[in-house]
Amino acid sequence: MALSFPRVSGTRLAVAAAATAVLAVGAPAAYASLDDEAKPAPASSAAATVARGKPFTETRLFFGTERPDGGPAVTDKQFMAFIDDEVTPGFPDGLTIQDGRGQWRDSNGKIERERSYELILLYPTTEARKRDVQIEEIRSDYEKKFAQDSVARLDERTRVDF
């Protein structure tokens, strides 16, 4: 019996589509909070696990590269310059960038496909309100600079151990 596993790219597309749908209806940014202390598992539990790490928020931003006005697509060099100038100063401790391919339905109902970038930011949950302002500035700056309709955003609570 052969096992099949979903492709990562399909998952990313589904996440991007869900994030775009949420953003399209103007959902407010959520401020996550986690308890600093892990709740102990019952002593009799054979599957007891230890919670590791500290409460963090993971924000993923999805940047398209095609311009709705028909202008030239955003290049790798332009995108990395944007990261260096607009993102790194606010998140100097680290970030991750992944190349991708995405699709979305535009306001006219047409399916648009494009090369894209996924930016992953991790920060302590206690900094969520402060970071929200920075992240919204990044989104707005990219939209203006590269004539984009939107930059999708996905926030999740997690625990991180470095």
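How many helices and how many strands are there in the protein chain?

## The overall layout

The protein chain has three helices and four strands. Helices here are DSSP runs of H or I with at least four residues, strands are E runs of at least two, and both are numbered from the N terminus. Starting at that end, the elements come in the order α-β-α-β-β-α-β.

Keep in mind that this is a predicted model: local features need pLDDT of at least 70, side-chain atom pairs count only at pLDDT 80 or more, and totals for chains, interfaces and linings use all residues. Residue numbers start from 1 along each chain as its sequence is written, and side-chain values use heavy atoms, with hydrogens and water left out.

The four strands make an open sheet, ordered 2-3-1-4, with antiparallel pairing. Strand 2 (96-105) and strand 4 (152-160) sit at the edges with a single partner strand each, so one side of each has no neighbour in the sheet. On average, neighbouring strands are turned by 30° against each other, direction ignored. Pairing takes at least two DSSP bridges between two strands.

Strand 1 (residues 54-64) runs antiparallel to strand 4, and nine bridges join the two. If you want a spot to look at, T57 has R157 in strand 4 as its bridge partner.

## Helices across the strands

Helix 2 (residues 76-87) lies across strand 1, strand 2 and strand 3 (111-124), at about 25° to strand 3. Helix 3 (residues 128-145) lies across strand 1, strand 3 and strand 4, and runs at about 10° to strand 1. Those angles run from 0 to 180 degrees between N-to-C directions, using axes fitted to C-alpha atoms, for helices over the stretch in contact.

Contact means heavy atoms within 4.5 Å. Among contacts in the protein chain with a separation of 6 or more, 72% are between residues 24 or more positions apart.

## Salt bridges

Side chains of opposite charge can pair when their charged atoms come close. The structure holds nine salt bridges, each being a side-chain nitrogen of Lys or Arg within 4 Å of a carboxyl oxygen of Asp or Glu. One of them brings R115 and D76 together at 3.2 Å, N to O. That pair links distant parts of the chain, with R115 in strand 3 and D76 in helix 2, 39 residues apart. R115 is partly exposed at 27% relative accessibility, and D76 is partly exposed too, at 48%. (Buried means under 20% relative accessible area, exposed over 50%, and partly exposed in between, with a 1.4 Å probe and protein chains only.)

Another salt bridge joins E112 to K110, where the closest N and O atoms are 3.9 Å apart. E112 is partly exposed at 25%, while K110 is exposed at 51%.

In helix 3, E136 and R139 lie three residues apart, about one turn of the helix. Salt bridges that share partners tie D132, E136, R139, R153 and D155 into one network. The E136 and R139 side chains meet at 2.9 Å, N to O. R139 is buried at 10% relative accessible area, whereas E136 is partly exposed at 31%.

## Surface and burial

Of the 162 residues in the protein chain, 27% count as buried. The chain's accessible surface is about 10,900 Å², and 53% of that belongs to carbon and sulfur atoms. These areas come from the Shrake-Rupley method with a 1.4 Å probe; for residues, only the protein chains shown count as cover.
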